[in-house]
Amino acid sequence: MSKPLERNYGGIIIGAGHHGLILGSYLAKAGLKILVVERRLTYGGGLATQEVTEPGFYHNLHSINHFHISETPWFKDLSLDGKVTYITPRHEFGQAHRDGTALVLGRDLDETLANVARFSRRDAKTFREWNPRAEAITARILLPERFSEPLPQREREDLLSRTAIGRDFLATTRRQPLDLVEELFENEHVRLLMLFKISLFGTWLTDTLSKTSPMGSVIRAFDLQTGYQLCQGGSFNLAHGLMETFLASGGTLVLQAHVERILIEGGRASGIALADGRSVRANAFVASTIDVHQTFEAMIGRSQLSEELCRKLDGFQYTPWTLFGLHLALHESPRFRAARFEPNIDRALKWSIGADTMEELASAHRDVQAGRVPTMVQFGAGPLSLIDPTQAPAGKHTTYAWHVMPLDPDLGGRSEQDFRAEFADAIIETWARYCPNMTARNIIGRHVYTARDYTRELINMRDGDIFMGAFNAEQVMYNHFGYRTPIANLYMAGSPCHPGGAISGGAGYIAAGLIARDLGIKAWWQPWEARRALEALAEEGVSA
Ligand SMILES: Cc1cc2nc3c(=O)[nH]c(=O)nc-3n(C[C@H](O)[C@H](O)[C@H](O)COP(=O)(O)OP(=O)(O)OC[C@H]3O[C@@H](n4cnc5c(N)ncnc54)[C@H](O)[C@@H]3O)c2cc1C
């Protein structure tokens with residue numbers, strides 16, 4: 001059990017999402033007296049699993065697909081494998097088409113190449129050429145950078161320029177992802193699935209259209225060994241494992257504690273004031289894992305901020321789309337008509353359903369930009385309980401659909417309630433065209449969960465932005481918001497910092513190393529360092 005709130009701590013962390021719990025676990029284990037404060041009745045933030053349809057059907061209302069979690073440094077350092085199980089599906093991406101065909105990308109190269117070749121031999125050849133390079137780049141550059149404080153642009157580019165693999169990667173980061181996909185692949189279906197594969201690495205098409213991709217996630221079109229996993233029993237189990245680790249390390253977690261102010265004394269962050277009138281002091285640091293506007297404008301106030309910081313806040317960009325979610329309890333998992341063509345489609349972790357052409361995909365992008373409800377229904381989904389039977393009662397199933405949506409769409413005079421019901425119907429209707437068993441008879445229960453809902457629960461997801469900051473060239477890598485702030489003892493340690501939103505744990509992990517260093521505490525772990533990783537490449541003379 002957690003301990004009661006005291007008046008003084010070494011460090012205070014705002015927010016008990018995964019970033020807050022990871023940061024807290026590292027520093028509590030390092031011997032600091034750490035408090036994590038959370039405004040909700042539960043912890044985990046975007047790691048939520050709830051029985052919102054019928055008892056025994058566990059629905060992941062926020063995050064579902066977790067990228068390569070069991071291989072992250074924090075999962076290993078914190079020995080989470082003893083508490084949390086991640087399932088790595090053999091087939092990661094699947095896309096069925098109206099003509100009865102389907103394309104599936106799996107972990108196995110030969111199988112994936114054979115699948116691509118059914119659509120285009122040339123595209124399969126391209127994939128074969130790029131795959132080994134992409135696997136090497138992901139393992140040697142992308143992942144080390146994901147869990148390290150970003151290097152300054154010039155130093156990074158100098159280091160990368162020393163090796164063929166680095167130069168190759170750099171050239172890719174300077175390309176517009178959409179252009180690259182269109183240039184490399186000829187087949188429309190292959191192009192579409194590649195875009196789906198890269199754009200969901202923390203982004204959606206809007207961001208894929210950025211001029212460049214400094215983070216280099218476009219390389220993920222071609223790798224297969226690194227990918228999305230499913231947390232057994234539901235996403236909340238990761239939160240539970242982290243919470244137990246944090247408490248076992250000596251940390252204190254206090255729920256229903258809404259932080260209203262960050263206390264500043266003599267230019268230093270000295271503690272927090274809660275909405276219920278209590279205040280708590282932090283001797284060494286305060287770290288925020290929530291959005292930048294709540295942290296600086298609401299909790300500190302513009303009058304205490306420098307002009308430069310105010311400008312930075314004003315220029316900060318949020319993701320210009322939200323998610324309309326539909327969670328379903330089913331008798332049978334969706335079965336695709338296209339399974340006759342490609343049986344593995346039924347088991348692929350992430351389905352792209354509804355868009356058959358690049359033009360159809362682009363139409364949703366245009367609609368969202370214009371504030372309209374997309375006319376062409378197209379969504380992401382997946383057979384969660386087929387991959388992890390513990391998420392539903394025996395023999396029954398769960399699935400979900402995420403549809404891209406403006407935060408406040410023009411509903412054409414309809415009530416919010418009618419819109420939710422009608423749009424959910426439209427998703428199911430579209431689904432049934434691909435999966436004939438997606439009929440009313442198969443559906444035991446349904447739950448609509450939109451940005452209006454998740455921004456009420458997670459007030460840090462400002463403007464419906466699930467990532468708490470847009471993934472565009474101006475805000476990623478060396479342009480990220482930054483862990484250290486101009487206010488002494490105040491740190492940012494969540495999604496606005498590299499490597500950004502999504503369940504990566506990166507910002508909490510990196511901030512832990514940085515805060516330990518600033519406080520002169522010897523780290524009990526070996527923090528990853530991009531510089532070391534890139535220098536090692538150069539020393540080994542690794543070529544592409
Ligand atoms: C519908 C949806 C689908 C998603 N799908 C995926 C996915 O499949 N894969 C993926 O990787 N990511 C996904 N995400 C994104 C992912 O959930 C977030 O990026 C992630 O939760 C961010 O983690 P965090 O620790 O930074 O913040 P959070 O998880 O949001 O945690 C922050 C915590 O701070 C608390 N807090 C806020 N304000 C205060 C305050 N004033 N005082 C005290 N506490 C406060 C919040 O209540 C919250 O618990 C999805 C999100 C949504 C909403």
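A nonpolar core is a set of buried Ala, Val, Leu, Ile, Met, Phe, Trp, Tyr and Cys residues joined through C-beta atoms within 7 Å. In this predicted model, the largest such core has 161 residues. Ile-12, Ala-287 and Ala-511 have the most contacts inside this core. Both domain 1 and domain 2 give residues to the core, so the core lies between them. Ala-287 shows what such contacts look like.

The domain assignment gives domain 1 as 8-83 + 232-317 + 468-540. Domain 2 is given as 87-110 + 320-464. Their centres, taken over C-alpha atoms, are separated by 30 Å. Where the domains touch, 22 residues come from domain 1 and 26 residues from domain 2. On the domain 1 side, this contact comprises seven nonpolar, 13 polar and two charged residues.

The ligand is the next point of interest. Domain 1 and domain 2 both give residues to the shell around the ligand, so it lies between them. There are 37 residues around the ligand. Gly-15, Gly-17, Gly-45, Gly-46 and Ser-63 come nearest. By class, the shell has 15 nonpolar, 19 polar and three charged residues. Helix 1 (18-29) and strand 14 (322-330) each supply at least two residues of the shell. Helix 1 gives the most, with three residues.

Helix 18 spans residues 530-540. Its buried residues are Ala-530, Leu-534 and Leu-537. These residues cover an arc of only 50 degrees around the axis, which puts them on the same side of helix 18. What covers these buried residues includes helix 4 (121-146), helix 5 (153-161) and helix 6 (164-173). The face turned away from the buried side carries the exposed residues Ala-536, Glu-539 and Glu-540. Gly-541 follows helix 18. The phi of Gly-541 is positive, near 65 degrees.

Notes
Residues are numbered from 1 along each chain as its sequence is written. This is a predicted model: local features need pLDDT of at least 70, side-chain atom pairs count only at pLDDT 80 or more; totals for chains, interfaces and linings use all residues. A residue is near a molecule or strand if its C-beta atom, placed from the backbone, lies within 6 Å of it. Helices (H or I, at least four residues) and strands (E, at least two) are DSSP runs, numbered from the N terminus. Ala, Val, Leu, Ile, Met, Phe, Trp, Tyr, Cys and Pro count as nonpolar, Asp, Glu, Lys and Arg as charged, and the others, Gly among them, as polar. Domain bounds come from an automatic or database domain assignment. Two residues are in contact if their C-beta atoms, placed from the backbone, lie within 7 Å. A residue is buried if 20 or more other C-beta atoms lie within 10 Å of its own, exposed if 12 or fewer, and partly exposed in between; C-beta atoms are placed from the backbone. The arc is that of the directions from the helix axis to the C-beta atoms.
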